[in-house]
Amino acid sequence: MTAVTQLHIDTSYPSPNTARAAVAGEVDLATAPVLTDRLLGLLDGRAPAVLEVDLAGCTFLDCTGIGALVGVRNAAVQTGCQMRVIHPQPVVRRVLDLTGLLDVLTAPIDQPQPLPTRSEYPARIGPASATVTTSLDILVAA
């Protein structure tokens, strides 16, 4: 038996210049292309000045979902549109925070921020340590 991943996306236009996509379900390898297509369709449709991606109903976001959001954000910027993620659930918020994208994707529209450059990403995860000590014991049977 195979598991079925479900994703539901409701779209609306709360103002003439704003398109909103409310995402519910899991954004993963199986559903990220659907999310990308739907969001790019919103950009192409009415060419909004602002694209809001509401993640209040998103229960899971993996690396392909992150790639979808970043790809759509890049496409939006190229068309002069500002994209903003709103209402991320705690688990999604944590993933975006750990990847360094939370502030970028949730920045207020009046203060757009560019994606971080490669040099701005943390060099390592965890506390920095001046020295690393390892110990290796080898047992040899005679």
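This is a predicted model: local features need pLDDT of at least 70, side-chain atom pairs count only at pLDDT 80 or more; totals for chains, interfaces and linings use all residues.
Residues are numbered from 1 along each chain as its sequence is written, and side-chain values use heavy atoms, with hydrogens and water left out.

Let's start with the overall layout. The protein has 4 helices and 4 strands, where helices (H or I, at least four residues) and strands (E, at least two) are DSSP runs numbered from the N terminus. Of the 142 residues, 32% count as buried, where buried means under 20% relative accessible area, exposed over 50%, and partly exposed in between (1.4 Å probe, protein chains only). Among the contacts with a separation of 6 or more, 64% come from residues 24 or more positions apart; a contact here means heavy atoms within 4.5 Å.

The 4 strands make an open sheet in the order 1-2-3-4, with mixed pairing; two strands pair if DSSP finds at least two bridges between them. Strand 1 (7–15) and strand 4 (82–86) stand at the edges with a single partner strand each, so one side of each has no neighbour in the sheet. On average, neighbouring strands are turned by 20° against each other, direction ignored; the axes behind such angles are lines fitted to C-alpha atoms, for helices over the stretch in contact, and angles run from 0 to 180 degrees between N-to-C directions.

Serine 15 has threonine 18 in strand 2 as its bridge partner, while leucine 7 stands opposite glycine 25 in strand 2.

Helix 1 (residues 32–46) touches strand 1, strand 2 and strand 3, and its direction makes about 20° with that of strand 1. Helix 2 (residues 63–78) touches strand 2, strand 3 and strand 4, with its direction at about 180° to that of strand 3.

Leucine 40 sits in helix 1 and alanine 75 in helix 2. Leaving aside neighbours within four places in sequence, leucine 40 is in contact with Val72 and Ala75. Leucine 40 counts as partly exposed, at 29% relative accessibility. For a sense of spacing, alanine 75 and leucine 39 are 36 residues apart in sequence and 9.9 Å apart in space, C-alpha to C-alpha.

What about charges? Side chains of opposite charge can pair when their charged atoms come close. The structure holds 1 salt bridge, meaning a side-chain nitrogen of Lys or Arg within 4 Å of a carboxyl oxygen of Asp or Glu. Glutamate 52 forms this salt bridge with arginine 20, the closest N and O atoms being 2.5 Å apart. Glutamate 52 lies in strand 3 (residues 50–61) and arginine 20 in strand 2 (residues 18–27), so the pair ties together parts 32 residues apart in sequence. Glutamate 52 is buried at 12% relative accessibility, whereas arginine 20 is partly exposed at 27%.

Cysteines come next. The count of disulfides is 0, a disulfide being a pair of cysteine sulfur atoms within 2.5 Å. Cysteine 63 is exposed at 62% relative accessibility, and cysteine 81 is buried at 4%.

Finally, have a look at the backbone in two loops. Most residues other than glycine have a negative phi. Alanine 47, in the loop between helix 1 and strand 3, has a positive phi of about 50° and is exposed, with a relative accessible area of 59%. Histidine 87 also has a positive phi, near 55°, and lies in the loop between strand 4 and helix 3 (90–98).
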